[in-house]
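I opened this notebook to record what I looked up, entry by entry.

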Amino acid sequence: MCGRYVTPAVEHVEALFDIEALGADLPEPSYNTPPTDPVPVVVEPEPKGGGDAVRRVERARWGLLPSFAKDPSFSSKAFNARIETVLEKPTFRGPVKQRRAIVPAVGYYEWRKTADGTKAGSKTPYFIHPEREDDLIAFAGLYSWWADPTKPGDDPSRWVLSTTILTRGSTGELAGIHDRMPLMLPRALWDQWLDQSVIGTQGLLDEASQAGVELASTLVMHEVGPEVGRVASTGAQLMAPVGAASS
């Protein structure tokens, strides 16, 4: 699963993903982003009045809000979507067909469970990221617009953009950390994944899943300090290897 990650600067996303337009109130970079926080997402919606699709960066709530959600708290249980069942679940099967997104990340945190003689055991946090510092991970995501029923129909703020990150079974070294990993898209699939004219079928999911395995094998990882486990913790030092963080 992916439950905590580092969001990049908008300028970095804009340059890497060939962005054509920027949304309003885009979030600042965050070194310890939890579910339900605002995050930048890359989308390519088709204009309502027709014309060419425009690749945009928008602000989204991390945790999908389907149209049938009664309130925003629903998103706290929909921040990840399992690729194996995404076409079956009412929350995700609509978005996977035509509302796919890329969720850019500097890297993400995962906790490895270790036996320590107690029933609960202990968990050691790791930071997982591309080898090149100037690169980003492109998480395969979905998005949805949700209308807040507590606000008037003519209030533009009633519309909330939300997103989720797809996951699959872990492979390679990542399997030694956790049995699930976020699905990562190579550059060769970015255009196809974002294109709303491409219907999201099992074939597209299978292609993305296999490509994600190859991309995951290029990531590097290191142990980080336990302070990342506190949602209130922030700062670039959270990404530093154990030892370096305190030096």
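Entry 1, a cut-off. I call a residue buried under 20% relative accessible area, exposed over 50%, and partly exposed in between. I note also that this is a predicted model.

I looked up Thr36, which is not a glycine and yet has a positive phi of about 80°. I located Thr36 in the loop between strand 3 (30-33) and strand 4 (38-43). I then turned to Asp18, another residue other than glycine with a positive phi, here near 55°. Asp18 sits in the loop between helix 1 and strand 2 (21-22). I recorded Asp18 as exposed because its relative accessibility is 57%.

How many salt bridges does a search of the whole structure find? I noted 6. One that I examined joins the side chains of Arg59 and Asp25, at 3.4 Å from N to O. Arg59 belongs to strand 5 (residues 56-62) and Asp25 to the loop between strand 2 and strand 3, so this pair ties together parts 34 residues apart in sequence.

I next examined Asp191 and Arg55, whose side chains form a salt bridge of 2.7 Å, N to O. This pair links distant parts of the chain, with Asp191 in helix 3 and Arg55 in the loop between strand 4 and strand 5, 136 residues apart. Arg55 has a relative accessible area of 8% and is therefore buried. I also found that Glu44, Arg55 and Asp191 are linked in a network of salt bridges.

A further salt bridge that I looked up is between the side chains of Arg56 and Glu58, at 2.6 Å, N to O. Arg56 is partly exposed at 24%, whereas Glu58 is buried at 15%.

I recorded 35 residues in the largest nonpolar core, where Phe17, Ile102, Leu166, Leu185 and Trp193 have the most contacts inside it. Helix 1 (10-16), strand 10 (137-147), helix 3 (187-194) and helix 4 (202-216) are the elements that give two or more residues to this core. I then listed the contacts of Ile102, leaving aside neighbours within four places in sequence; they include Phe17, Phe139, Leu185, Trp190 and Trp193. Apart from this core I noted another, of 23 residues, among them Val41, Ile137, Met184 and Leu219.

Note on methods
Residues numbered from 1 in each chain as written. Predicted model: local features only at pLDDT ≥ 70, side-chain atom pairs only at ≥ 80, totals over all residues. Heavy atoms only, no water. Core = buried A, V, L, I, M, F, W, Y, C linked by side-chain atoms within 4.5 Å. Buried < 20%, exposed > 50% of the residue type's maximum accessible area, 1.4 Å probe, protein only. Helix = DSSP H or I, 4+ residues; strand = E, 2+ residues; numbered from the N terminus. Contact = heavy atoms within 4.5 Å. Salt bridge = Lys/Arg side-chain N within 4 Å of Asp/Glu carboxyl O.
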